[in-house]
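Me: Could you take a close look at the pockets in this one for me? I'd like the overall layout, then the linings, then whatever sits around them.

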Amino acid sequence: DSEDWIATCGSLWSADSALAFAIRERHEGQLVGSCGLHRIDEHHNANLGFWIATPATGRGYATEAAQALVAYGIRYLQLMRIEIIMSTRNHASQKVAINLGAHHEGIARNRLMLHHQPHHAHVYALTPEDLLLP
C-alpha cells in the first residue's frame, strides 16, 4: 500500500496537481505523518490535507507542516485559495485549521465519505490576504 501511495504521489506531483510531503520527527527522523496540497486546479485553488500517526498527535506536527505548506503554496505556487475540509467529528483537524488562522465558511452536508458513511464537513479556507508573508 505504501509503495502504491508513493507512486500515486509521484505521478500527481509530475502532473502539477498535487504535492505530498512526509512529516518526520525533528530529532529522530521518524515518520509521524504526511501533509499535502491536493486538487491544485486552473483557478489557483487547492485542498490542504494532513494526517498524523496516533502516537504523535497533539505535538504540533500538523500545524507546523501545514503552516509551511500554506506559505509555500501562496508564495511560490500563487494559490488564491486553500481549502481545509474535515469531518465535523474530527476535532483535531479543526483545531489545526483554527491554529492556521483559516476562516470557517460553513458546514457542507454529506461532503465526505469516511468508512463507507457520509459525514458532514467543516469547510475552512485561507487566501493570500489571510497571511502576513514577508
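This is a predicted model: local features need pLDDT of at least 70, side-chain atom pairs count only at pLDDT 80 or more; totals for chains, interfaces and linings use all residues.

Reply: Reading from the N terminus, the chain's elements go α-β-β-β-α-β-α-β-β. Residues are numbered from 1 along each chain as its sequence is written, and side-chain values use heavy atoms, with hydrogens and water left out.

Now the pockets. The largest pocket comes out at about 990 Å³. A pocket here is an open set of points on a 1 Å grid over the protein atoms alone, where a 1.4 Å probe fits, with protein on both sides within 12 Å along at least five of seven lines; lining residues have an atom within 4 Å of a point. Grid points are joined across faces, edges and corners, and the volume is the space filled by probe spheres set on the points.

There are 36 lining residues in the largest pocket, and Gly49, Phe50, Trp51, Asn90 and Ser93 are the closest to its centre. The elements giving two or more residues to this lining are strand 2, strand 3, helix 2 (61-75), strand 4 (81-87), helix 3 (91-100) and strand 5. Strand 3 gives the most, six residues. By class, the lining of the largest pocket splits into 18 nonpolar, 14 polar and four charged. For those classes, Ala, Val, Leu, Ile, Met, Phe, Trp, Tyr, Cys and Pro are nonpolar, Asp, Glu, Lys and Arg are charged, and the others, Gly among them, are polar.

The second largest pocket has a volume of about 220 Å³. Its lining includes Phe21, Ile23, Arg24, Cys35, Tyr61, Glu64 and Leu69. Strand 1 (19-24) and helix 2 are the elements that give it two or more residues, and helix 2 has the largest share, at five. This lining has eight nonpolar and four charged residues, but no polar ones.

Helix 2 and helix 3 are worth a look as a pair. Their axes come within 9 Å and cross at roughly 45 degrees, with axes being lines fitted to C-alpha atoms over the stretch in contact and angles running from 0 to 180 degrees between N-to-C directions. That makes helix 2 oblique to helix 3; under 35 degrees would be roughly parallel, over 145 roughly antiparallel, 65 to 115 roughly perpendicular, and the rest is oblique.

As for burial, 39% of the chain's 134 residues count as buried, meaning under 20% relative accessible area, with exposed over 50% and partly exposed in between (1.4 Å probe, protein chains only).

Two loop residues have positive phi without being glycine. Arginine 39, with phi near 55 degrees, sits in the loop between strand 2 (31-38) and strand 3 (45-52), and it is exposed because its relative accessibility is 59%. Histidine 116 has phi near 65 degrees and lies in the loop between strand 5 (103-114) and strand 6 (117-126). Histidine 116 is exposed too, at 74%.

Finally, histidine 104 belongs to strand 5 and is partly exposed, at 40%. Histidine 104 and tyrosine 124 are 20 residues apart in sequence, yet 4.4 Å apart in space, C-alpha to C-alpha.

Conventions. Helices (H or I, at least four residues) and strands (E, at least two) are DSSP runs, numbered from the N terminus.
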